[in-house]
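The sequence and the coordinates come first.

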Amino acid sequence: SRIEAESLLEFQELATGYNHMAENLRALYHGLEEQVQAKTQDLQAERSRLEALYEVSIFLAQAGSLEELGRGFAQKLRRISGADAVAVRWSDETSQRYLMLGSDCLPQELVDEERCLEAGLCACGQPKATARTRVIPIISEDDYRLGNCARAGYNSLISVPVRLQQRILGEVDLFYRHEAALDAEDRSLYDALAGHLASAMESLRSEALLREAAVSEERTMLARELHDSIAQSLAFLKIQMTLLR
């Protein structure tokens, strides 16, 4: 509380100092409350991001196919990001075409039209050289790169490349019916989730190659055994023909 020093001339200087100290303490206390509140919000946001990473990582580790991977990842990311729809695309070896791997809440007409996209001909499917996480405003249906999205009622798009080291394995597209924003924390979260998706996609691909190699080896072994068996039968028949003569 302040001290009224008008009638206490002999203590006026002391009262002024005390009042100045009280104002400083009040300002510091108010600033401390704001700092604590801001820090609490930051910690809550960081906890939410970590929970999202953990949840998605558990799902990716349990997915048994690329289709299940794409569909489930799209569902989880839509809930995490608050997007109106999400599409997960897988690129070919040269990153020239993007194939629809899975989607969530995307209109079926848009899914059918964009099952295979050539890189650079649409806002979705960024060329490898310029691929980065960014917001793309959807302005007009007259723009051939955005016409399908505009006709579906979307206002903006967040495009996230699925990258494994320097390789582009695909792309995740988040569709919004309102203007979307992308801050540093969201960008970091989406890039981290896309990185986990890339690792899971590569793991499934490696497992498929191993299974294919095992099947090929087994077929080769059976063919060799079959060939040896036929060769033995023919040799035996040749011997029998010789004896018959």
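Leaving aside its neighbours within four places in sequence, which residues is Ala 119 in contact with? The partners are Ser 95, Gln 96, Tyr 98, Gly 125, Gln 126 and Pro 127, where contact means heavy atoms within 4.5 Å.

## Basis of the values

This is a predicted model, in which local features need pLDDT of at least 70 and side-chain atom pairs count only at pLDDT 80 or more, while totals for chains, interfaces and linings use all residues. Residues are numbered from 1 along each chain as its sequence is written, and side-chain values use heavy atoms, with hydrogens and water left out.

Ala 119 sits in the loop between β3 (116-118) and β4 (134-137). With a relative accessible area of 18%, Ala 119 is buried; the classes are buried under 20%, exposed over 50% and partly exposed in between (1.4 Å probe, protein chains only).

## Overall make-up

The chain has five helices and six strands. Helices (H or I, at least four residues) and strands (E, at least two) are DSSP runs, numbered from the N terminus. Their order from the N terminus on is α-α-β-β-α-β-β-α-β-β-α.

Of the 245 residues in the chain, 33% are buried. Among contacts with a separation of 6 or more, 53% are between residues 24 or more positions apart. Accessible areas come from the Shrake-Rupley method with a 1.4 Å probe; for residues, only the protein chains shown count as cover.

## Strand β6 and its partners

Strand β6 (residues 167-176) is mostly covered, with nine of its 10 residues buried. Two strands pair if DSSP finds at least two bridges between them. On this criterion β6 pairs with strand β1 (residues 85-91) in the antiparallel sense over six bridges, and with strand β5 (residues 156-164), also antiparallel, over nine bridges.

Individual positions can be read off the pairing. Gly 170 in β6 stands opposite Trp 90, and Arg 167 in β6 is the bridge partner of Leu 164. β5 and β6 form a hairpin with two residues between them, and Gln 165 in the turn has a positive phi of about 60 degrees. In a regular strand the side chains alternate between the two faces of the sheet.

## Salt bridges

How many salt bridges does the structure hold? The count is eight, taking a salt bridge as a side-chain nitrogen of Lys or Arg within 4 Å of a carboxyl oxygen of Asp or Glu. One of them joins the side chains of Arg 79 and Glu 55 at 2.5 Å, N to O. Arg 79 belongs to helix α2 (residues 66-81) and Glu 55 to helix α1, so this pair ties together parts that are 24 residues apart in sequence. Glu 55 is partly exposed, its relative accessible area being 28%.

Arg 89 forms a salt bridge with Glu 114, with 2.9 Å between the closest N and O atoms. Because Arg 89 lies in strand β1 and Glu 114 in the loop between α3 (108-113) and β3, parts 25 residues apart in sequence are tied together. Arg 89 is buried at a relative accessible area of 0%, and Glu 114 is buried at 1%. Arg 167 forms a salt bridge with Glu 202, the closest N and O atoms being 3.6 Å apart. Arg 167 lies in strand β6 and Glu 202 in helix α5 (residues 184-244), so the pair ties together parts that are 35 residues apart in sequence. Arg 167 is partly exposed at 35% relative accessibility, whereas Glu 202 is buried at 16%. Salt bridges that share partners also join Glu 55, Lys 76 and Arg 79 into one network.

## Cysteines

A disulfide is counted for a pair of cysteine sulfur atoms within 2.5 Å, and by this rule there are zero disulfides. Cys 116 is partly exposed at 42% relative accessibility, whereas Cys 124 is buried at 0%.

## Nonpolar surface patch

Tyr 18, Met 21, Leu 25 and Leu 28 make a nonpolar surface patch of about 400 Å². Patches are made of residues with over 30% relative accessible area and no salt bridge: like charges are joined within 9 Å, nonpolar side chains (Val, Leu, Ile, Met, Phe, Trp, Tyr) within 5 Å. Met 21 lies in helix α1 (residues 12-62) and counts as partly exposed at 42% relative accessibility.
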